[in-house]
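Dear colleague,

I am handing over the structure below, together with my notes on it. Please read the notes with the model open beside them.

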Amino acid sequence: MAISASRRPVMTLYSRSNCPHSHRVRLVLAEKGITVDIVDANGDVLPEDLSELSPYGAVPTLVDRDLVLYNTQIIMEYLDERYPHPPLLPVDPVSRARIKLYVHRMEKDWYGLLPDLEGDDAKAAAAARKIIREGLTVIAPVFEQKPFFMSDELSLADCTLLPLLWRLPSFDIELPPQAKALQKYAERFFNRAGFRQSLSAAEKEMRPV
Ligand SMILES: N[C@@H](CCC(=O)N[C@@H](CS)C(=O)NCC(=O)O)C(=O)O
């Protein structure tokens, strides 16, 4: 569809429809109500384009005029600074650093295991499943205290955790009853307008209603 020059979104996001990292960025965009041009870089669509833009040829990659960003956490923080409302990081440096650290821990400890979950090594996949299930169970009680991830406000930590929680059934991970508070938080979040809007068609199919 043609978009008139004055209405053309300034930014382009190269995203993959089932990529959890792309989903994290799409969730930030949806929660902030930012309009971008989303290029679905699935399979053989535009690989040369993407490999010219990003040295890793990976998604998500965000293009904002002559700025090209290709790391999910950097993209999320950039969007939060460029579009400050609603803020997804606290102003106070200590709380801000804590949220960034939670994001980093989730990336390293859980997102880092996703290749094992999706790979051919059944043992590695089972070990990854166990680590993620147990890790989520350990943090579950914090969701009894606060409405969002260790916070009274929505933050980049929620936007990192939720795409992972959404995928649990497709990863064959079932949370135990002790993780009830986490499950309630997830269900509440899955019904938010921003979350619904962040989902690609492939992601909607991961949890058919
Ligand atoms: N560390 C990267 C991870 C992104 C990532 O793993 N993206 C995957 C898709 S979910 C990808 O594009 N992999 C390269 C490929 O499939 O060619 C980030 O934070 O952006």
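What follows is a description of the domains, the helix packing, a few individual residues and the backbone.

The model is predicted, and local features were taken only at pLDDT of at least 70, side-chain atom pairs only at pLDDT 80 or more, while totals for chains, interfaces and linings use all residues. Residues are numbered from 1 along each chain as its sequence is written, and side-chain values rest on heavy atoms, with hydrogens and water left out.

Domains

The protein chain is divided into domain 1 (5-82) and domain 2 (93-192), the bounds coming from an automatic or database domain assignment. Their C-alpha centres lie 23 Å apart, and the contact between them (contact meaning heavy atoms within 4.5 Å) takes 14 residues from domain 1 and 18 residues from domain 2. The size of an interface is often given as the accessible area lost when the parts come together. Between domain 1 and domain 2 the buried area is about 1400 Å², of which carbon and sulfur atoms give 59%; buried area here is the accessible area (1.4 Å probe) that two parts lose on being put together, summed over both. Of the area that domain 1 buries against domain 2, Arg24, Glu31 and Gln73 supply 36%, more than any other three residues.

Helix packing

Two packed helices are described by the angle between their axes and the distance between the axes. Helices (H or I, at least four residues) and strands (E, at least two) are DSSP runs, numbered from the N terminus; axes are lines fitted to C-alpha atoms, for helices over the stretch in contact, and angles run from 0 to 180 degrees between N-to-C directions.

Helix 1 (residues 20-32) and helix 3 (residues 72-82) pack at an angle of about 5°, with their axes 9 Å apart, which makes helix 1 roughly parallel to helix 3. (Angles under 35 degrees count as roughly parallel, over 145 as roughly antiparallel, 65 to 115 as roughly perpendicular and the rest as oblique.) On the side of helix 1 the contact is made by His21, Arg24, Val25, Val28, Leu29 and Lys32, and on the side of helix 3 by Thr72, Gln73, Ile75, Met76, Leu79 and Asp80. By class, these are six nonpolar, three polar and three charged residues, where Ala, Val, Leu, Ile, Met, Phe, Trp, Tyr, Cys and Pro count as nonpolar, Asp, Glu, Lys and Arg as charged, and the others, Gly among them, as polar.

Helix 7 and helix 8 (residues 180-190) pack at an angle of about 95°, with axes 10 Å apart, and helix 7 is therefore roughly perpendicular to helix 8. Here Asp158, Leu161, Leu162, Leu165 and Trp166 in helix 7 meet Leu182, Tyr185, Ala186, Phe189 and Phe190 in helix 8, a contact that divides into nine nonpolar, no polar and one charged residue.

Individual residues

Thr160, in helix 7 (residues 156-166), counts as buried because its relative accessibility is 0%; buried means under 20% relative accessible area, exposed over 50% and partly exposed in between (1.4 Å probe, protein chains only). Not counting residues up to four places away in sequence, Thr160 touches Arg24, Met76, Val103, Met106 and Tyr111.

Leu89, in the loop between helix 3 and helix 4, is likewise buried, at 6%, and with the same exclusion of residues up to four places away it touches Glu77, Asp80, Arg96, Ile99, Lys100 and Leu156. Lys100 is placed in helix 4 (residues 93-109) and is partly exposed, at 28%; leaving aside its neighbours within four places in sequence, Lys100 is in contact with Gln73, Glu77 and Leu89.

Backbone

Most residues other than glycine have a negative phi, and most peptide bonds are trans. A cis peptide bond joins Val59 and Pro60, with omega about 0°, and Pro60 is in the loop between helix 2 and strand 3. The bond from His85 to Pro86 is also cis, with omega near -10°, and Pro86 lies in the loop between helix 3 and helix 4.

Met150 has a positive phi of about 55°; it is found in the loop between helix 6 (122-139) and helix 7 and is partly exposed, at 37%. Asp172 also has a positive phi, near 65°, and sits in the loop between helix 7 and helix 8, where it counts as exposed, at 57%.
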